[in-house]
Amino acid sequence: MEDFDAAIIGGGTAGLAALKQLANLGRQAVLIEAGKDTGTKNVSGGILYSKKPRHGKVFNAEDVFGSSFLAEAPYERKITKYILHATSGNKDYSIDLTRAHEYQSNYGCSVLLNKLISWLSVVAEESAQKFGGGIVSGVHVRSVKPEAAAEGSRMIIETDELEPFRCKAVIAADGVNSETAVMTGAREKFSQTELYQGVKVIVKMPEQIIEERFGIGPEEGAAHLFAGDVTLNHIGGGFVYTNRSTLSVGAVYHMDSLMENPAQPSALVDALIRNPVVSELLRDEVPVKSEVDKDLPKEEQLRTRFAVSKMVKNWTELRDAYYSPTGSQKMIESGKYKTREELKARLDSIRSDLESKYSTKFVSDYVELEYSAKLVPDGKRCMMKKPYHDNVLFIGDAAGRGVFIGPRIEGLNVGIDDAVRAANAISRALDRNDFGKSMGEHYSQSIEESPFTHDMREIDKDYLKIFLEATRGVPKDIVGQRYGMIFRLMSSSTLRGLAVGLANILGYDRLLPLVESVDTYVQVPMEIAEKMGRSVDATYQPTIPSLADRIARLSYDDDRKSHILVTDPQSEFIKKMVVLCPTACYSQEPDGKVTLQHEACVECGTCSKGTEWHHPRGEKGVIYQYG
Ligand SMILES: Cc1cc2nc3c(=O)[nH]c(=O)nc-3n(C[C@H](O)[C@H](O)[C@H](O)COP(=O)(O)OP(=O)(O)OC[C@H]3O[C@@H](n4cnc5c(N)ncnc54)[C@H](O)[C@@H]3O)c2cc1C
Ligand code: SF4
């Protein structure tokens, strides 16, 4: 049986940071990832932050992947504008939260996980190989157990694809639906009160049109958050983030409120897209092919369809290149076009041919590229109190860690910080040949010292102050008596200090129903929008793809054997999945029983609590292109 110093389960941002940090420390580690390639199973919003807390130290991506991280990593845009929108119908009131986004931050940049993780993998693997480690993808870990009953004994890892192997320590970075946590008995599956469900679509938009639309420069990015009626009465909100030449548009809602008031996840994204502020942000020019004349001979019909498809593809590619400085440059360097003007002339001529010869219309609409979904652990409710078990250390989503407080959405950076602390604890244990409780306690203590743990536990009065200052323009009497009184109380720094001090003594748990409620996420924003908002009229109706179309566009390597087993097809929980599964894998039969067809599953984990749930076997299941 092969032996390693350390094994990491899961190749998301957290797992890869752990692999790189272990290599930085000169340790041998192997990372096992279920996806065919790393980055094909991961979903985020996502803004990757680098933080500089006033008290304590956090480990950022550049601490692990090197000081040239920002210069080399394929991030999308540095977010320089952060806007919160309160919505009601066509009314919109926006609040500039850029200062809150910059709070204790070096930077926050938008990322697409497939691209970022591919890069992290290359860098981490290159380092890991120097010490006899590396990445093995397409392998699903199905069992993690100690070799013997003795404290600190080695761990045996079994997979669906490889021979079992042995290691001294394990890092579980297998995400929110961590099977390692459940199979080792480290924790139970997260409950609905501890989770959010995130659903996202990637929208295509040429680079310079993004910059024009969002009022940003080539090196800048914007993040827009949405609360109010777009939530369809749920606790959470919507977001639109600018990437280089795409937008990430998504909705993240608390599972509790979804269980209480079930809504199809794709319908939640649709509600966001239909909001006039959002639809105007997504608006682009889209060619609509006309029907081919059915009276023409079959061959002629086919020829026409083929010609139109080819021209539309050409037009789209040229347009993307024209609206991108690097794209235009490449076209000119290739010798195809001498100048940007020439490129534009060709673009116009294809368009004119499409219009005149083939009756193609160019309309305002938007284009979706990918639909995705994933659960998000609400760190303040579910971070593991004891983030280790035997020789296994839990990090990132697997440990239920993340700072999700109002507009603060941070899971990626928290996982990276955890990864460094876990790798350091393993390295120390290897030096001392002292694993088990001693290693776990050392890691636990390091996690306790992380400023992120503090943020998951207590209200940060400085952040609150910045948030309240941003909402200064909202008269206190328009948000109802209860919240008006709270706003007034909070505007005095002395009273705010006392209130936050008291709240932190009482504990976050007691305060959460007041801070996170339908009132705060829906009613108050709606009141603000109705009374103070500007009217925004949509200039077009977005053509939103059906769920079936969204699923059809996804790639899968189907495992004929289902990775999910429904144990009680009559339970109230499973009946709710008929609505809450993002890809409608559940349906209810006339006899009331619920059945599952797993083929379209995107492995979000929403149904996990009421089923026997595993990730698919290695390489199988959904394959995200963007993430
Ligand atoms: C819609 C949405 C928006 C978000 N927005 C933000 C944001 O703006 N900023 C931010 O910081 N965070 C955001 N988050 C949270 C952030 O994306 C997560 O916290 C982060 O991606 C978790 O990383 P991870 O490495 O812990 O887990 P994951 O990325 O889930 O990685 C786990 C990996 O483990 C693998 N795996 C699982 N089980 C096994 C097994 N048994 N064997 C082998 N491999 C296995 C999986 O295939 C996967 O690759 C958002 C999340 C969502 C869903
Ligand atoms: S079957 Fe379960 S895990 Fe799969 S997409 Fe539906 S809810 Fe998510």
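Two strands are taken to pair if DSSP finds at least two bridges between them, and helices (H or I, at least four residues) and strands (E, at least two) are DSSP runs, numbered from the N terminus. The structure described here is a predicted model, in which local features need pLDDT of at least 70 and side-chain atom pairs count only at pLDDT 80 or more, while totals for chains, interfaces and linings use all residues. Residues are numbered from 1 along each chain as its sequence is written, chains are lettered from A and ligands numbered from 1 in the order in which they are written, and side-chain values use heavy atoms, with hydrogens and water left out.

Strand β4 (residues 78–88) and strand β5 (residues 91–96) pair in the antiparallel sense over six bridges, and the bridge partner of I83 in β5 is D96. The two strands, β4 and β5, form a hairpin with two residues between them, and G89 in the turn has a positive phi of about 55 degrees. Strand β5 is also joined to strand β22 (residues 534–535) by two bridges, and these strands run antiparallel; here D92 stands opposite R534 in β22.

Among the helices, the axes of α11 (residues 298–322) and α12 (residues 325–333) come within 6 Å and cross at roughly 110 degrees, where axes are lines fitted to C-alpha atoms, for helices over the stretch in contact, and angles run from 0 to 180 degrees between N-to-C directions. The contact (heavy atoms within 4.5 Å) is made by L318, A321 and Y322 of α11 and by G327, S328 and M331 of α12.

The buried residues of α12 (under 20% relative accessible area, with a 1.4 Å probe and protein chains only) are G327, S328 and M331. They cover an arc of only 95 degrees around the axis, which puts them on the same side of α12; the arc is that of the directions from the helix axis to the C-beta atoms. What covers these buried residues of α12 includes α11 and α13 (340–358). The face of α12 turned away from its buried side carries T326, K330 and E333, which are exposed, that is, over 50%. Just after α12, G335 takes a positive phi of about 90 degrees.

In helix α21 (residues 508–515), the buried residues are Y508, L511 and L512. They cover an arc of only 120 degrees around the axis, which puts them on the same side of α21, whereas the face turned away from the buried side of α21 carries the exposed residues D509, R510 and P513.
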